[in-house]
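Here is a protein chain to look at. Keep the model open as you read.

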Amino acid sequence: MDADRTTIDARGAPVAVGPYSHAVRSAGLIYCSGQIPLDPESGEIVGADVAAQTRQCLANLGAVCEAAGTDLSSAIRLTIYTTDLASFSQINEVYAGFFPGDDPPARAAVGVEALPKGALVEIDAIVAA
């Protein structure tokens with residue numbers, strides 16, 4: 001493994017549902033894999049609506065950041081994938097609770113047809129180390 005590339009296994013986040021790391025630290029950044037709204041203990045989807053699922057995705061990303069020695073307040077950019085763009089205002093409301101103030105991270109939002117395990121939302125992040 002490259003000396004400037006370290007994988008991160010976040011014990012407080014759900015087990016990865018595929019062959020990928022929770023995150024990779026490289027060049028002063030932490031590249032967090034997408035998190036779907038899985039309960040870290042049961043591995044089951046949390047929440048029946050997009051707001052509850054968004055909250056769990058962000059909590060899971062927080063656990064990944066914690067394992068990497070940082071937190072979501074150091075996020076530089078997030079990407080939100082959702083199967084329900086009509087509920088985007090609910091996503092924004094939950095998101096704003098995680099990033100209060102005048103300097104939230106950059107963000108992109110993408111409407112998709114489907115997500116793993118039938119999730120309504122998936123969120124990934126790039127975070128300062």
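The questions below cover the core, a helix pair and an aromatic pair.

This is a predicted model: local features need pLDDT of at least 70, side-chain atom pairs count only at pLDDT 80 or more, and totals for chains, interfaces and linings use all residues. Residues are numbered from 1 along each chain as its sequence is written, and side-chain values use heavy atoms, without hydrogens or water.

Q: At what angle do α1 and α2 pack?
A: Contact means heavy atoms within 4.5 Å. Residues including Leu58 in α1 meet Ile91, Val94 and Tyr95, among others, in α2. Axes are lines fitted to C-alpha atoms over the stretch in contact, and angles run from 0 to 180 degrees between N-to-C directions. The axes lie 8 Å apart, at an angle of about 35°.

Q: Is the aromatic pair of Tyr95 and Phe99 stacked, edge-to-face or tilted?
A: Rings of Phe, Tyr and Trp (its six-membered ring) pair if their centres lie within 6.5 Å; planes under 30 degrees apart are stacked, over 60 edge-to-face, the rest tilted. Tyr95 is buried at 6% relative accessible area, and Phe99 is buried at 8%. Their ring centres are 4.8 Å apart and their planes at 45°, so the pair is tilted.

Notes: Helices (H or I, at least four residues) and strands (E, at least two) are DSSP runs, numbered from the N terminus. Buried means under 20% relative accessible area, exposed over 50%, partly exposed in between (1.4 Å probe, protein chains only).
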